[in-house]
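Me: I'm new to reading structures like this one. Could you walk me through a few features, one at a time?

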Amino acid sequence: MAFFMFGPGNLHALSVRLRILGGSTTFQYGPFNWCVQRRWKKPVDSARTRLEGRTRDHRLDKLMVQLRNLKLALALREVISQQRNGYASLQLLSKWRHEVGLNIEIGAFLKKYPHIFQIYVHPVKRNYCCKITQKMADLIAEEDAVIRENETDIVQRLKKLLMLSVNGTLNMHALWLVRKELGLPDDYRSSVLPKHRHDLYLESPDTLSLVSRDDELAAAKIEEWRKKEYTEKWLAESETRYAFPINFPTGFKIEKGFREKLKNWQRLPYTKPYEKNDSHPIHNVERLEKRIVGILHELLSLTVEKIIPLERLSHFRRVFGMEVNLRELLLKYPGIFYISTKGSAQTVILRESYTKGCLIEPNHVYNVRRKMLDLILSGCSSVGEPESAAWLAEEYAEGSCHELQNNMFQVDTANTILQRETDSDSYIRNHNSEELPHQHFCDSQEQSE
């Protein structure tokens, strides 16, 4: 009877029943199921597992976290600028914090960046309000002025993008999503396109077309690097004609045979980005992938900061003829591209353009945006007297002088009172998790070594 109860077949049935009753997919070994075999599962090899197991670049990841804080600050600034008097109450900003992607208390976030946000007590309503500091307002105006001064570069950039496309057209919605990355003004549809109808034609409300192809612009950015490698390093033409700059992150493990495969891939000929392959279709998978790598490299080179979100990059798959899984392709070439998952998004970065977290060849728009980033990195250091005294006195000149003086005293103590109203435990936890070094970005990267 004992043999009948604890035979192999009954043990297997018992394990199945216990698994069903327990609702668990795993079953622990015990004295009654020691003879039950567990099936070996093959490890899953997908883009998600390779993304989690990739060699991380901590400098670029840190840069993405800091840029996310800057984007949050600019998003709050956009909410404040939409108000009638140029300021907003903290109660209103607290309602909008989830819309802009802020997951901490609004007061804790605003107090971390006093060089950008100025908190004060409203003289009449007696509630806490926030406005943008003059430093940040000047930088935003400077960025807009620099973008409008470089209108010729904007037109050339748009023409090169249209030349990269298969049919010489671009979707206006996809172009709107990457306007910040390309350095376009928000009103480019009404301020730039009507002035250059001989180059750019708005075929429909959703489609931008190229009037005529400019062969002088049909040269990829990578060609400059190849020419420099050929002339200065005296390398053979076969090694530089189709090569890409390779820069692996620190700690990248090179497996056996990887160098030989990389060398063969560098010499592999391919159809370059601005060359059309309609008459000679590509049937080789490796050559097709290398062409897509060249298109992605050129697209990232046309951006201001050599950075573009992966989600927005997918909007150009069909128009540029990149009918592949972009994330899998980018992960296959870690020496050219890097995907950062920091900042609540997956961002593609051109590795060759950065060193120690800073752009090697900065431009005018990048320089202004880096000044904004310096305000983020400054934190609470070197904060002077409140700048709202003159602003409040000018706007509320009809108020009594005694009342204004009392409110000016409340301006100095606004941060202290606000801290008491904020939940101290949540504020300290979030403040410690997101606080950044109070110094220049490039200097902090050098000291981190």
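Reply: Let's start with a cut-off: a residue counts as buried if its relative accessible area is under 20%. Keep in mind that this is a predicted model. Phe 109 has a relative accessible area of 0%, so Phe 109 is buried.

Me: How much of the protein chain counts as buried?

Reply: The figure is 43% of the 449 residues.

Me: And what does the secondary structure of the chain come to?

Reply: You'll find 23 helices and 11 strands in the protein chain.

Me: How do I read the angle between two helices, say α7 and α18?

Reply: The general idea is that an angle over 145 degrees counts as roughly antiparallel. Here, helix α7 (residues 134–149) packs against helix α18 (residues 364–378) at about 165°, and their axes are 9 Å apart. That angle is why α7 is roughly antiparallel to α18. The crossing of the two, α7 and α18, is left-handed.

Me: Which residues make that contact?

Reply: From α7 come Lys 135, Met 136, Leu 139, Ile 140, Glu 142, Glu 143, Val 146 and Ile 147. From α18 come His 364, Val 365, Val 368, Arg 369, Lys 371, Met 372 and Leu 375. Sorted by type, the residues of this α7 and α18 contact are nine nonpolar, one polar and five charged.

Me: What about aromatic rings? How many aromatic pairs are there in the whole structure?

Reply: Rings pair if their centres lie within 6.5 Å. A search of the whole structure turns up 11 aromatic pairs.

Me: Is Phe 117 buried or exposed?

Reply: Phe 117 is buried, because its relative accessible area is 2%. Ring pairs can also link up into a cluster, and here they connect Tyr 242, Phe 244, Trp 265, Tyr 270 and Tyr 333.

Me: What is Ser 301 in contact with, leaving aside neighbours within four places in sequence?

Reply: Ser 301 is in contact with Lys 221, Lys 306 and Leu 350.

Technical notes: Residues are numbered from 1 along each chain as its sequence is written. This is a predicted model: local features need pLDDT of at least 70, side-chain atom pairs count only at pLDDT 80 or more; totals for chains, interfaces and linings use all residues. Side-chain values use heavy atoms; hydrogens and water are left out. Axes are lines fitted to C-alpha atoms, for helices over the stretch in contact, and angles run from 0 to 180 degrees between N-to-C directions. Helices (H or I, at least four residues) and strands (E, at least two) are DSSP runs, numbered from the N terminus. Angles under 35 degrees count as roughly parallel, over 145 as roughly antiparallel, 65 to 115 as roughly perpendicular and the rest as oblique. A crossing is left-handed if the near helix is turned anticlockwise from the far one by less than a right angle, and right-handed if clockwise. Contact means heavy atoms within 4.5 Å. Ala, Val, Leu, Ile, Met, Phe, Trp, Tyr, Cys and Pro count as nonpolar, Asp, Glu, Lys and Arg as charged, and the others, Gly among them, as polar. Rings of Phe, Tyr and Trp (its six-membered ring) pair if their centres lie within 6.5 Å; planes under 30 degrees apart count as stacked, over 60 as edge-to-face and the rest as tilted. Buried means under 20% relative accessible area, exposed over 50%, partly exposed in between (1.4 Å probe, protein chains only).
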